[in-house]
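Open the model in your viewer and keep the selection tool at hand. Each stop below gives a selection and what to look for there.

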Amino acid sequence: MDVRIQAIHFDATEKLVAFINKKTERLARHFPAITAADVALKVVKPETAMNKNVIIKITVPQQEELVADKTADTFEEAVDNALEALERQLEKRK
């Protein structure tokens, strides 16, 4: 599976990139048909609580693209929430 991470207007740390790769690979183990995952990380202005936004797009051949858009206090929490939503979407598609 190809994982593309795009940090918009900031530099993502290696720790964050490793976390995202680990979580998306786990999703691919459960659903081997996934070919690509696009992850967009964004800090929402103004600087307040709940200002980390994550958009994850999953590509599955011969199906529509699956998208989850979540906002949380940390990027890790937002990634977890978005991947949970994608798991539910994939379960419905099976």
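Predicted model: local features only at pLDDT ≥ 70, side-chain atom pairs only at ≥ 80, totals over all residues.

Residues are numbered from 1 along each chain as its sequence is written, and side-chain values use heavy atoms, with hydrogens and water left out.

**Stop 1: the core**

Select L27, V54, I56, I58 and L86. These have the most contacts inside the largest nonpolar core, which has 23 residues. (Such a core is a set of buried Ala, Val, Leu, Ile, Met, Phe, Trp, Tyr and Cys residues joined through side-chain atoms within 4.5 Å. Buried means under 20% relative accessible area, exposed over 50%, partly exposed in between, with a 1.4 Å probe and protein chains only.) Now colour α1 (14–30), β2 (36–43), β3 (52–59), β4 (66–72) and α2 (75–93): each gives two or more residues to this core. The biggest share, 8 residues, comes from α2. (Helices are DSSP runs of H or I, at least four residues; strands are runs of E, at least two; both are numbered from the N terminus.)

**Stop 2: L27**

Centre on L27, in helix α1. L27 is buried because its relative accessibility is 2%. Beyond neighbours within four places in sequence, L27 is in contact (heavy atoms within 4.5 Å) with I34, I58, L83, L86, E87 and L90.

**Stop 3: helix α1**

Select L16, I20, K23, T24, L27 and A28, the buried residues of α1. Look down the axis: they fall within an arc of 145° (directions from the helix axis to the C-beta atoms), so they line one face. Their cover includes β1 (2–8), β2, β3 and α2. Turn to the face away from the buried side to find the exposed E14, K15, K22 and R29.

**Stop 4: salt bridges**

How many salt bridges are there? The count is 3, taking a side-chain nitrogen of Lys or Arg within 4 Å of a carboxyl oxygen of Asp or Glu.

- Select D80 and K23: their closest N and O atoms are 3.4 Å apart. D80 lies in α2 and K23 in α1, so the pair ties together parts 57 residues apart in sequence.
- Select D2 and R4: the gap is 2.4 Å between the closest N and O atoms.

Keep D2, R4 and D38 selected: shared partners join them into one network.
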